[in-house]
Amino acid sequence: MWYFFRHGQTIHNIYKVSQGRYNSSLSLKGIDQAKFCAYKIQDLEENLQEYIFLTSPMFRAKQTINIIMELLNIDPFNYLKEEELLNDINFGDHNNVSNKIVWANYVEDNNILYCQHKNGECFNDVYNRIELFLHKYKDIDNLIFATHGCCFAILKHILMGNKRSDFIRNNLIQNQNYLIKYDNNSKILELI
C-alpha cells in the first residue's frame, strides 16, 4: 500500500505566495493537517515498520512527514529518506512571488505543461520527474511519502490512468487536505 500526501498548509499558502523552491514553514492548520494524516494512516495500517518513508527535500514536506512519523512512533533519523524526484516545481525567478504574478504566465489551459519559468522549470519537467519516481518505486509495496501540490496532482493524474495531454490547469487547484491511499497491486486510488 502507498500513502502519499501534499505537505500541510504553509504560511506562504495563507498569503497566496508561490513557494516553488523557496522554503516556508507550516501554519498551525498545516501542523493539524499533518497530525490528521498520521492518525488516518495509524487507523489503517498495523505494520508501519515495514514501510519506506520518503520526502521532498523542501522544509515544508520534511516538517509534515516528521510530524507524521513522530506520531506513528517511527524514527525519522533512521527511516526517512529524501527523494529529489518529489521536489516542488522550480518557478525560477518566480519562487517566493505572489500567485497572481506566477499564474499570469499561464494564458491558456493547453499550455500549462509547457510554460517555462525563467531560470526554472515547466510542469512537463515535473511530470517527467514523477514518471521517473513511479518507475523507480514501482516494485515497492509499502511506501509513505510527502510531496507538493503539483507533484500530488500529477501523481494522481497518472495513477488514475489519464494521459499527459489531458492535464489541465484545473488539475492543479489547491486543496490543503490531501491524503491518498493507493493499492499498487490492484491499482485502486482512494482519497481519504
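Q: Which residues have the most contacts inside the largest nonpolar core?
A: Trp 2, Phe 4, Phe 123, Phe 133, Phe 145 and Phe 167, in a core of 32 residues. A nonpolar core is a set of buried Ala, Val, Leu, Ile, Met, Phe, Trp, Tyr and Cys residues joined through side-chain atoms within 4.5 Å. Buried means under 20% relative accessible area, with a 1.4 Å probe and protein chains only. This is a predicted model: local features need pLDDT of at least 70, side-chain atom pairs count only at pLDDT 80 or more, and totals for chains, interfaces and linings use all residues. Residues are numbered from 1 along each chain as its sequence is written, and side-chain values use heavy atoms, leaving out hydrogens and water.

Q: Which helix gives the most to this core?
A: H7, with seven residues.

Q: What about a second core, how many residues?
A: The second, separate core has 21 residues, and Cys 37, Ile 41, Ile 67 and Leu 80 are among them.

Q: New topic. Where is Val 126?
A: Val 126 sits in helix H6, residues 123–136. Helices are DSSP runs of H or I, at least four residues, numbered from the N terminus.

Q: Is Val 126 buried or exposed?
A: Val 126 is buried, because its relative accessible area is 0%.

Q: What does Val 126 touch?
A: Leaving out residues up to four places away in sequence, Val 126 touches Ile 89, Glu 121, Cys 150, Cys 151 and Ile 154. Touching means heavy atoms within 4.5 Å.

Q: And where is Glu 121?
A: Glu 121 is in the loop between helix H5 (99–103) and H6. Glu 121 counts as buried, at 14% relative accessibility.

Note on methods:
Helix = DSSP H or I, 4+ residues; strand = E, 2+ residues; numbered from the N terminus. Buried < 20%, exposed > 50% of the residue type's maximum accessible area, 1.4 Å probe, protein only.
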